[in-house]
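Biologist: Please put the model up, and then we can go through it by question and answer.

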Amino acid sequence: MTWLFQFWRSSIGGKVIMAITGFLLFGFVIAHLLGNLQLLSGPDKINAYAKMLHDLGPLLWVARIGLLAIFVLHVATGIRLSRANKAARPVPYAREATLQATFASRSMVLTGLSLLAFIVYHLLHFTLGVTNPEHYARKAAGAGGHDVYAMVTTSFSNPAIVAAYVVFQVVLFFHLKHGIQSLAQTLGLSHRRFMAMIQKLSFLLAAVLAGGNAILALSVLFGIVKAAQ
Amino acid sequence: MKVVLHIWRQSKKSTQQNFAQDGKMVRYELDHVSADMSFLEMLDVLNEQLTKKGEEPVAFDHDCREGICGSCGVMIDGQPHGPQRGTTTCQLHMRSFKDGAEIYIEPWRAAAFPVVRDLVVDRASFDRVVQSGAFISVNTGAAQDANAIPVPKPDADKAFDAATCIGCGACVAACKNASAMLFVGAKVSHFVHLPQGRVERELRAKNLVAAMDKEGFGNCTNQYECEAACPKEIPVRVIADMNREYLRSKIKEEPPSNKRVGGDG
Ligand code: HEM
Ligand code: FES
């Protein structure tokens, strides 16, 4: 335990924890998008998928708690590191310049905290049914209590909700665009060819994931995915 | 040419205890500056004029004035060693600036580099990091035959790239997090690509990182400002090398006792 704690406390240990938890969250975002793409195949597919997940029972809770632990570790370590970074430069420069850092890399804390806010909203909306109870009620009303299709399509018929989701996908894009290639460097990949490839791949994957999520919401709004009656 | 300088000046009464904050940016106008002067020569001219007027000259560090000692680092318009890439302040010339330019000159800003006076900072934290492991501890004796230990050319090149570090601190100054990881990475990378350096690789990575953390430098977020600021253009690959070496050493680290490690199994 002391070994693990010391590792977490060290600068590089903290970075490695960010990279590993970031990688796992990245994996979750991929799985989440793949699951939700079933929305395109109509109500039966996605509702059966929702039922399958719920029928996992205790296993679903193992997954939820595991995901939460990874998330908390990612956020807590991110906050610890960025506080240490602030303390490392107590007096700012009168003139600041940026030589080659990207917008994405300079906004990691901001995009990260925005994602935290978004994820809380997302859970309140679809998992707990707090923000729009009338959407949540649609889920219970059909398909044996698993009418996710009805819940999601009624939600995304509302332009304001779609706008919020799309804006946060842009935030996710910037966090991942820097994050994916950054974790390769953190874990010690220093091969010139592969590093160059991963930098391009990072942009591409971030765009596909964020774009995929945004397109799902937009295709309901524009009637490509038909809203449930 | 004519330039307008804004220089961080320590107040007269500032002491070792409060040197961090106790100062301000002061404006100076300097005329008849030759475009062929080095930046430090321009500061020399300013200091001569200040001395003649009975004012305190601007304190700045310098030694070799040929780009190898690493002591002349100052922040010029927010860029360590000024606007020209791969160049120390002493090798920067006034032709890099426009006539009438307003130039902001500040000391390195980092908790681990306390300001001593004006543009001079104390970089002893770098020395303590080096003392913790940036060396080979076996007695090497007389120089060996050059080819006794074969080293592949790509490895030698990697080690040499890292060894060009002059310890100026520009990486820390440029880093948005005041992290020293390019410097410390250069020390790790300097040794780990060579057979002589590989013997103590685990201990070295662990000790260097522990010493770096103790000094209060920030943590790298892979923004690579250091690489752009380094007057020796050391690549951020050395940081990946250090990350990998540190991870490797922590994984290989075993508890001190080997008694009953298998338990009852
Ligand atoms: C609650 C919200 C989040 C916060 C506060 C947060 C914060 C951070 C911070 C501060 C960093 C380090 C910045 C850097 O190294 O430049 C980071 C890195 C990263 N984050 Fe997040 N993040 C959050 C959510 C996420 C999510 C949902 C994902 C996955 C989709 C993710 C993936 C990553 C990745 C891959 C990295 C790169 C790790 C590395 O630099 O080695 N983060 N995050
Ligand atoms: S004075 Fe030695 S490097 Fe500039």
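Biologist: Is A:His74 buried or exposed?

Modeller: The model is predicted, so local features need pLDDT of at least 70 and side-chain atom pairs 80 or more, while totals for chains, interfaces and linings use all residues. Residues are numbered from 1 along each chain as written, chains are lettered from A and ligands numbered from 1 in written order, and side-chain values use heavy atoms, without hydrogens and water. Buried means under 20% relative accessible area, exposed over 50% and partly exposed in between, with a 1.4 Å probe and protein chains only. At 14% relative accessibility, A:His74 therefore counts as buried.

Biologist: Which protein donors does the iron atom of ligand 1 have?

Modeller: Donors are N, O and S atoms within 2.8 Å of the metal (3.2 Å for Na, K and Ca); water is not among the atoms, so sites may look incomplete. The protein donors of this iron atom lie 2.0 to 2.1 Å from it and are A:His74 (NE2) and A:His175 (NE2).

Biologist: How far apart in sequence are the parts that this pair ties together?

Modeller: Helices are DSSP runs of H or I with at least four residues, strands are E runs of at least two, and both are numbered from the N terminus. A:His74 lies in helix α4 (residues 58-87) of chain A and A:His175 in helix α9 (residues 159-186) of chain A, so the separation is 101 residues.

Biologist: What is the arrangement of the 6 donor atoms around the iron atom of ligand 1?

Modeller: Six donors count as octahedral if opposite donors are over 155 degrees apart and all others between 65 and 115. Here the 6 donor atoms subtend angles of 88 to 179°, which makes the arrangement octahedral.

Biologist: Which side chains meet in a salt bridge between chain B and chain A?

Modeller: A salt bridge is a side-chain nitrogen of Lys or Arg within 4 Å of a carboxyl oxygen of Asp or Glu. The rule finds 1 across this interface. At 3.7 Å, N to O, the side chains are those of B:Lys176 and A:Glu96.

Biologist: Which element gives the most to the side of chain B that touches chain A?

Modeller: Elements giving two or more residues to that side include β5 (102-106), α7 (201-214) and α9 (237-252) of chain B. With 11 residues, the one that gives the most is α9(B).

Biologist: What area do chain B and chain A bury between them?

Modeller: Buried area is the accessible area (1.4 Å probe) that two parts lose on being put together, summed over both. Carbon and sulfur atoms carry 51% of it, and the value is about 3800 Å².

Definitions and conventions: Tetrahedral: all angles 85-135°; square planar, octahedral: opposite > 155°, others 65-115°.
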